[in-house]
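Q: Could you pick one part of this model and take a close look at it with me? I'd like to hear how it sits in the rest of the chain, in one go.

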Amino acid sequence: MASTQEFPSLKHELRVIKESQNNNKDETNNRFVKAETEIKRLQGRIGSLVEEKSQLLERVAFLENSNAKLHEEITSNHTEPQDQQVNNHISQSETKPQEEKVPGAIDSTAAKASNKNNENQEQVQDQSPEYDFVILCDSNRKYINADQLYPKGNNKVIPCGNTAKAIDILTSPRFTVKHGIIINTGVNDLESLSPKDIIESQTCLVNIATTNFPDKKIIMSSITPRRDDLDKFVFEVNKAVAQNICKIPNVVLVDNGNLRSKDQFYFDTKHLSRRHGIPLFATNLKNGIRKSLGINNRRISGQHRFPYTQIKSWIKLE
């Protein structure tokens with residue numbers, strides 16, 4: 001009798017143990033998924049920091065080089081051997097009477113220096129390199145072949161991790177363009193700025209670009225989708241920016257919504273995969289170039305597109 005009564009108790013204990021094991025297994029799996037997600041997020045952040053560090057180092061090197069050239073130019077223009085200066089001073093004092101300075105008159109030496117500085121500035125502007133298209137793009141630019149985007153011309157890709165950097169570049173451009181500028185920023189801004197701030201900065205960016213390049217095409221690429229919770233803001237920002245800039249002359253909108261359709265397009269939460277994501281992204285940009293030049297675009301396969309199909313409806317809402 002005692003052994004018979006023990007069976008239900010043993011079955012109950014085994015059931016409790018099995019349920020506990022299943023719960024522990026589920027909890028372990030959940031922790032693993034969370035840890036994997038966090039690792040991918042940190043990998044993306046590390047990639048952004050490495051890129052920002054590289055940009056800062058390039059900027060520092062450029063400033064040091066510019067400072068050295070400026071110092072060398074000033075030294076060569078304004079220094080002479082001491083004995084030559086003395087001889088010139090003696091020669092001038094012997095051959096010319098001392099001129100009386102008139103109050104308010106402009107010193108001839110200062111006027112010559114001013115004219116020379118103006119000539120130097122004009123020379124720097126004339127020496128600015130000209131490209132067919134200049135592309136300001138975040139880290140997704142790494143595997144893009146700019147020469148394939150517009151094979152007939154000379155194109156330049158400039159690293160641009162965020163919208164603020166793009167504004168800085170276009171406010172004081174060191175280049176000229178024959179056809180236009182392609183802009184793709186914003187995916188990193190989502191990690192530090194509110195959607196409202198990003199909308200304002202991207203709208204400001206387009207206005208600056210059209211002001212400094214009034215007769216050129218400005219190809220504005222929508223923020224590429226993300227594979228995390230921040231993706232819910234991508235659509236909101238792209239929609240508002242499209243509404244703000246849709247009526248500005250010479251502005252072309254590029255749709256990257258087709259990159260949302262498959263996970264294989266991404267390496268991590270925000271970086272496109274080299275094999276699948278980058279080719280489709282490059283095709284989107286190339287179609288933007290074709291549209292800006294008045295060439296019929298080829299059809300791109302993919303789902304979940306928005307600006308080219310939905311921008312029209314957004315514009316009608318205004």
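A: Let's say two residues are in contact when they have heavy atoms within 4.5 Å of each other. Among contacts in the protein chain that join residues at least 6 apart in sequence, 72% are between residues at least 24 apart. Keep in mind that this is a predicted model.

A bit of background before we zoom in. The chain has nine helices and five strands, and reading along the sequence you get α-α-α-β-α-β-α-β-α-β-α-β-α-α. Of its 318 residues, 34% count as buried. The chain exposes about 20800 Å², with carbon and sulfur atoms supplying 51% of that area.

The part I'd pick is helix α6, residues 195-212. Its 18 residues reach 26 Å from the first C-alpha to the last, close to the 26 Å expected at 1.5 Å a residue. As a reminder, an α-helix has 3.6 residues a turn, so residues three or four places apart point the same way.

Phe133 belongs to strand β1 (residues 130-137), while Tyr150 is in the loop between α4 (146-149) and β2 (155-159), so the pair ties together parts 17 residues apart in sequence. Both Phe133 and Tyr150 are buried.

The pair formed by Phe175 and Phe213 brings us back to our helix. These rings are stacked, 5.8 Å centre to centre with 15° between the planes. Phe213 sits in the loop between α6 and β4, and Phe175 in the loop between α5 and β3, so this pair links distant parts of the chain, 38 residues apart. Phe175 has 7% relative accessibility, and because buried means under 20%, Phe175 counts as buried. Phe213, also at 7% relative accessibility, counts as buried too.

Conventions
Residues numbered from 1 in each chain as written. Predicted model: local features only at pLDDT ≥ 70, side-chain atom pairs only at ≥ 80, totals over all residues. Heavy atoms only, no water. Helix = DSSP H or I, 4+ residues; strand = E, 2+ residues; numbered from the N terminus. Expected span 1.5 Å × (residues − 1). Buried < 20%, exposed > 50% of the residue type's maximum accessible area, 1.4 Å probe, protein only. Areas by Shrake-Rupley, 256 points an atom, 1.4 Å probe, with all protein chains shown as cover. Phe/Tyr/Trp six-rings, centres within 6.5 Å; stacked < 30°, edge-to-face > 60°.
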